[in-house]
Amino acid sequence: MNSSSSSSMGGEGRHDDDSGLTEFLSSLMDYTPTIPDELVEHYLGKSGFHCPDLRLTRLVSVATQKFMLEVANDALQHCKARQAAPVKDKSKQPKDKRLVLTMEDLSKSLQEYGVNLKHQEYFADSPSTGMDPASREE
Amino acid sequence: MSDGRKKSGRGQQISSKKSRLSGGDDFGHAIAKIAVAQLCESAGFHYSRRSAIDALVEVAVRSICDLGKSANFYANLAGRTDCNVFDVIQGIQDLDSWRGFSGASGVHRCLVNTGVVREITQFVSTEEEIPFVQPIPRFPVSRMPKPAPSFAQAGGEPPGEHIPDWLPRLPDPHTYVHTPVWNKRDTDAKANMVELAKRRRKAERSFLSLQQRFACNSTAGFRPTKDGQVGNGNQVVNDNPFLASPLPYGEKEVCEIASPLKAYAGKSLSVLETFVPVIKAAKVGSLDFNTNERKLLHGIRPTVHFKVGTVKKSVAASLPSDTLIADKDSWFLKYNEKDDKKKRAEFIFRTVIDKPHELAQL
């Protein structure tokens, strides 16, 4: 029953779906994504995606842009949280207003999306760098 | 958005080396970097670390590639090679499947009503456009190698009926037929070597005499004299008198130090007379020096004026103008081909004139 009703409704639904689809795709064409079309087409061609329709390319680029913006927004939240949290002493009364995208914030926000980004904190010249001179002589 | 270089130089160096390893896709990476930086700026960041931008670029490129792969996978699953909008939507659902989309689990519903489409529609309608800053060309630019023309294109009939005319043309016979190589000139190698040695000796001898002359005659100006090169005319193969064989040592008495002014003043027209046969013969087309020159040159050593510099006082100042012009003509006629040694000698002459004080260096 359920299937029959849905299939009977499917006939009308399909019209709605078609119109919804065309509307959706036409709304896509109005929007110019930040990621240029040529770049997206290049990478899609590399991975085997073949479609001459520009609207699908726009769909891919819009989806990627949305994802990127979400990641960037999350990193921004982390950055603002870090700036607000520590209690600075008198020397630095006005908060530093500069928002810098750092690897720490980025790795935290990307972790929620399933991307593991590890970053080295510092690099040393030799194994004995940073040790006090007494132990270094040994 | 500016690039905050808060890292130590070493760290940045290593991170840039890391990005160098990505291979030949630098152009795509650079474009993606600009796009990602624009996105971060629109999100609200003022600055960014370079390594963070690189990481984001990697993530973006990887997400595009993965989306394309999964969409292609769905299309192949449905038995198609070209991708559909539904393939793309399903691909997007795959990427973000951990979060879940409403309507993704429905089997009988159209994908248009799913959360993916709704979210994207909402995104498109609310977010303002940030177009990419620069127009970029289609890349990668593929250079198609020009194929060989077919028989029909080249206009010729293929040899033999069994060869259709849309096949590429047969190569030219000169590419595969071995033909013997003949030397065009009829001279033998030995005569050439002898000639070459003579020319070399001649240049060296004139250079040596020039040095000697300049050493003992530095105040009177530079006036090189013609060696007795036309004395032995029977071995002259070509018409250039300067390339004739030099006289053996001692055959002709040669005064080493010529007082040029005195010699010249007495015979103001002798130079012209000397070169009249040269000019005449040059106009005719063949320089025949054997008989005429010998008479004139026997005892007289007329001066030969090399045009070794543009303005040289020692040469130009003391000559009347008409002889100078005549000399120039003859000089041009004789000096139309030089070998390397002559060029070197001429260069040495030039430096001698220019910097007589540096003669010791030569």
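How many helices and strands does chain A have? Chain A has 5 helices and 1 strand, where helices (H or I, at least four residues) and strands (E, at least two) are DSSP runs, numbered from the N terminus. Read from the N terminus, the elements are arranged α-α-α-β-α-α. The model is predicted, with local features requiring pLDDT of at least 70 and side-chain atom pairs counting only at pLDDT 80 or more, while totals for chains, interfaces and linings use all residues. Residues are numbered from 1 along each chain as its sequence is written, chains are lettered from A and ligands numbered from 1 in the order in which they are written, and side-chain values use heavy atoms, with hydrogens and water left out.

Chain A comprises 138 residues, of which 38% count as buried; here buried means under 20% relative accessible area, exposed over 50%, and partly exposed in between (1.4 Å probe, protein chains only). Among contacts in chain A with a separation of 6 or more, 56% join residues 24 or more positions apart, a contact being heavy atoms within 4.5 Å. In helix 4 of chain A, the buried residues are A:Met103, A:Asp105, A:Leu106, A:Ser107, A:Ser109 and A:Leu110. Their cover includes helix 3 and strand 1 of chain A together with helix 3 of chain B. After helix 4 of chain A comes A:Gly114, with a positive phi near 95°.

Now to the meeting of the two chains. Here 63 residues of chain A are in contact with 71 residues of chain B. The area buried between them is about 5900 Å², with carbon and sulfur atoms giving 72%; buried area is the accessible area (1.4 Å probe) that two parts lose on being put together, summed over both. On the chain A side, A:Thr34, A:Tyr43 and A:Leu101 lose the most area to chain B, together 12% of what that side buries.

The largest nonpolar core has 62 residues, of which A:Leu59, A:Leu101, A:Leu106 and B:Ile120 touch the most other members. Such a core is a set of buried Ala, Val, Leu, Ile, Met, Phe, Trp, Tyr and Cys residues joined through side-chain atoms within 4.5 Å. Elements of both chains supply at least two residues each, including helix 1 (2–30) of chain A and helix 5 (115–126) of chain B. Leaving aside residues up to four places away in sequence, B:Ile120 touches A:Phe24, A:Leu28, A:Leu59, A:Val62, A:Ala63, A:Lys66 and B:Ile92. A second, separate core of 7 residues includes B:Leu210, B:Phe214, B:Phe349 and B:Val352.

Over all chains, the structure holds 10 salt bridges, each a side-chain nitrogen of Lys or Arg within 4 Å of a carboxyl oxygen of Asp or Glu. One of them pairs A:Asp37 with A:Arg58 (3.1 Å, N to O). A:Asp37 belongs to helix 2 and A:Arg58 to helix 3 of chain A, so the pair ties together parts that are 21 residues apart in sequence. Both A:Asp37 and A:Arg58 are buried.

Between chain A and chain B the count is 1 salt bridge. B:Glu119 and A:Lys66 form a salt bridge with their closest N and O atoms 3.0 Å apart, crossing from helix 5 of chain B to helix 3 of chain A. B:Glu119 is partly exposed, at 30% relative accessible area, whereas A:Lys66 counts as buried at 11% relative accessibility. A network of salt bridges links A:Lys66, A:Glu70 and B:Glu119.
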